[in-house]
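Please look through the structure below before reading on.

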Amino acid sequence: MARLVLLSEGLTGRTFDLKVEKTTVGRVEDNTFQIPETSVSSHHAEILLRGNDVVIKDLNSTNGTFINGEKVSEAVLKAGQILRLGMIEMRLETGDAPSTGTTKKSLDQTRVIPQGVKLDDLEGTRPLSFGGQKGFEKKSNKATIAFIVFAVLVGLALIVALVWVVVKPHG
């Protein structure tokens with residue numbers, strides 16, 4: 001029976017047996033295989049059993065689906081290959097090949113993947129255009145200055161009125 005062995009930090013050693021023809025994988029609870037991690041989309045991918053093949057189908061996920069580091073939209077996953085959903089890595093194991101010894105070595109070679117996405121990792125991105133303007137410009141201080149002048153004038157008027165009331169001859 002085919003199964004996925006999670007390799008990412010915090011999930012290392014957790015497994016999921018692929019028993020049904022179609023397995024949905026994602027962050028939310030309504031998936032067959034839930035991976036509660038922010039880099040995994042709510043409905044990230046489908047895993048389809050087609051004969052002896054395990055097919056991975058990306059469901060337009062935000063952070064992508066990768067097999068051995070290559071981005072895929074739909075591809076056959078072979079035993080021993082590394083599947084990455086967002087930042088979570090897992091390896092496909094089948095009952096065909098003995099996994100004694102290889103599991104320990106592969107787990108020792110597990111690398112910690114940092115959280116988040118680096119700008120260099122984004123594919124097909126281009127700088128935003130602001131119509132000739134710079135991205136962020138300093139706001140004008142005219143409104144602030146006008147407010148301060150108004151507040152000072154009102155304060156002076158109150159002081160003059162107070163002095164006039166106190167000093168005014170009672171008569």
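**From core to surface**

The largest nonpolar core has 23 residues, and those touching the most other members are Leu-4, Leu-18, Phe-33, Ile-35, Val-54, Leu-77 and Met-90. A nonpolar core is a set of buried Ala, Val, Leu, Ile, Met, Phe, Trp, Tyr and Cys residues joined through side-chain atoms within 4.5 Å; buried means under 20% relative accessible area, exposed over 50%, and partly exposed in between (1.4 Å probe, protein chains only). Strand S11 (88-93) is among the elements that give two or more residues to this core, and S11 gives the most, with three residues. Helices (H or I, at least four residues) and strands (E, at least two) are DSSP runs numbered from the N terminus.

This is a predicted model: local features need pLDDT of at least 70, side-chain atom pairs count only at pLDDT 80 or more, and totals for chains, interfaces and linings use all residues. Residues are numbered from 1 along each chain as its sequence is written, and side-chain values use heavy atoms, leaving out hydrogens and water.

A search of the whole structure finds one aromatic pair. The ring centres of Phe-16 and Phe-33 are 4.4 Å apart and their planes are at 10°, so the pair is stacked (rings of Phe, Tyr and Trp, its six-membered ring, pair with centres within 6.5 Å; planes under 30 degrees apart are stacked, over 60 edge-to-face, the rest tilted). Phe-33 is buried, at 2% relative accessible area, and Phe-16 also counts as buried, at 18%.

Helix H2 (residues 142-167) contains Leu-156. With a relative accessible area of 48%, Leu-156 is partly exposed.
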